[in-house]
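Subject: Structure handover

Hello,

Here is the structure you are taking over. The notes below it set out what was found.

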Amino acid sequence: MKRKFAAAALTALIMVLIAATTAVSAPADKPVELIADTIEYDAKSGVMNAQGAVKLTRDKAVLTGANAQYNTKSKEAYVFGNVKVVREDTTLTANEVRSFEDNYLVATGNAVLIKGENTLAGPKIEHWVDRQYSLVPTAARLTMPDGWMTANRVEAFHTEDRAVADGDVHIVSDKRSLDATSDKAVYYGSKTEQGKVVMSGNARAVQEGNILTGKTLTIYLDDKAMDSQGRSKLVVKPQ
C-alpha cells in the first residue's frame, strides 16, 4: 500500500515535469513504472521520498534522477542529481529541478532544454506550464539550426516559436558567415511567420566582410539577406 501511494505521488510529479517541458500531458490511462532503491510515503505529511537511481516511466516519457521528493499537499516537487526528463523531441537536463503548484518549474545547475532543433541553456531556467513560457535570467544561450545567440537574459514563448534576448546580444552563424551584436534581439521561428531575427539598439552585423550598422537590423533566416531601419551605415568589402 505504501508503494501504491508513493507511485501516485510520483505520477503527479512526472505529469507536471512532462507538461512543463513538452506542453503535452501524458495520457492518464497509461501505466506508471517506478524504480528506485527505496520508496517511502508519509500519508500524514503527504511527503513522498524516492532515493537512489530514481527512474519513472510513463508512456513515452522518462524521468531519471538521483533522488526525488514530492509533497502532495503543497504540490511542491524536488528532483536532484543529474535530473533528466525525456519525451519525444524534448529533453530537459539539470543538476536539480523544483516545481511548485504543478505549474511553475525551476531547473538549476547546467540547465538545458532541448526542443526540436532549438536548445535553450543557462545556469537557471524558469518555466510556467500554463503559459508555455521560459525564462533564462542570466548568461543565456539559444542554439538554433544554423547558429547560436547569447545574451544576458532570454525569454522563450514556445507556442509562438519566438524568443526575446536582452543585454549584450551576440549572434554567430558559421553557415551564413555572420557575426552580429545588439542591445536586444527578437527571434521568430519559421512556424508562425518568415524566420528572422530583429536586432535593435547599437545593432551591428558583419557578413562575409561587409559591415552593416543601424538602429534596427532584420536578418532573414531563409536566405542570406538582411535590411536596416532608421539611419544606417554600410561598409562593403572590396572584391
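A nonpolar core, as used here, is a set of buried Ala, Val, Leu, Ile, Met, Phe, Trp, Tyr and Cys residues joined through side-chain atoms within 4.5 Å. Buried means under 20% relative accessible area, exposed means over 50%, and partly exposed is in between, with a 1.4 Å probe and protein chains only.

This is a predicted model, in which local features need pLDDT of at least 70 and side-chain atom pairs count only at pLDDT 80 or more, while totals for chains, interfaces and linings use all residues. Residues are numbered from 1 along each chain as its sequence is written, and side-chain values use heavy atoms, with hydrogens and water left out.

Overall picture

The chain has 239 residues, of which 44% are buried. Its secondary structure comes to one helix and 17 strands; helices (H or I, at least four residues) and strands (E, at least two) are DSSP runs, numbered from the N terminus. Contact means heavy atoms within 4.5 Å. Among contacts between residues at least 6 apart in sequence, 35% join residues at least 24 apart.

Cores

The largest nonpolar core holds 48 residues, and the members that touch the most others are Met149, Val169, Tyr187 and Met199. Apart from its neighbours within four places in sequence, Met199 is in contact with residues including Val169, Ile171, Ala180, Ala185, Leu217 and Ile219. There is also a second, separate core of six residues, among them Tyr133, Phe157, Val164 and Tyr188.

The largest pocket

Pockets and cavities were searched for on a 1 Å grid over the protein atoms alone: a cavity is a set of points where a 1.4 Å probe fits but cannot get out, a pocket is an open set with protein on both sides within 12 Å along at least five of seven lines, and lining residues have an atom within 4 Å of a point. Grid points are joined across faces, edges and corners, and a volume is the space filled by probe spheres set on the points.

The largest pocket has a volume of about 570 Å³. It is lined by 27 residues, and Lys115, Asn118, Asp161, Tyr187 and Gly189 are the closest to its centre. Two or more lining residues come from each of β7 (104–115), β8, β10, β12 (153–157) and β13. The most come from β8, which gives three. By class, the lining has ten nonpolar, seven polar and ten charged residues, where Ala, Val, Leu, Ile, Met, Phe, Trp, Tyr, Cys and Pro count as nonpolar, Asp, Glu, Lys and Arg as charged, and the others, Gly among them, as polar.

Asn118 belongs to strand β8 (residues 118–128). Leaving aside neighbours within four places in sequence, the contacts of Asn118 include Leu113, Leu142, Asp161 and Tyr187.

The largest cavity

Three cavities of 30 Å³ or more turn up in a search of the whole structure. The largest cavity contains about 70 Å³ of space. Its lining includes Met144, Asp146, Gly147, Trp148, Ser173, Arg176 and Leu178. At least two lining residues each are supplied by β11 (147–151) and β13, and β13 gives the most, with three. Eight of the lining residues are nonpolar, two polar and two charged.

Ser173 is part of strand β13 (residues 162–173). Why is Ser173 counted as buried? Because its relative accessibility is 4%. The side chain of Ser173 reaches the backbone oxygen of Asp146 at 2.6 Å. Beyond its neighbours within four places in sequence, Ser173 is in contact with Asp146, Gly147 and Leu178.

Backbone and exposed positions

Most residues other than glycine have a negative phi. Ala139 has a positive phi of about 45° although it is not a glycine. Ala139 sits in the loop between β9 (133–136) and β10 (140–144), and counts as exposed because its relative accessibility is 53%. Asp168, also not a glycine, has a positive phi near 50°. Asp168 lies in strand β13 and is exposed, with a relative accessible area of 60%.

Gly230 is in strand β17 (residues 225–235) and is exposed at 57% relative accessibility. Gly230 and Gly214 are 16 residues apart in sequence, and their C-alpha atoms are 6.6 Å apart.

Regards

Technical notes:
A polar contact is a pair of N or O atoms within 3.5 Å; within protein, one must be able to donate a hydrogen and the other to accept it, and residues adjacent in sequence count only if both atoms are side-chain atoms.
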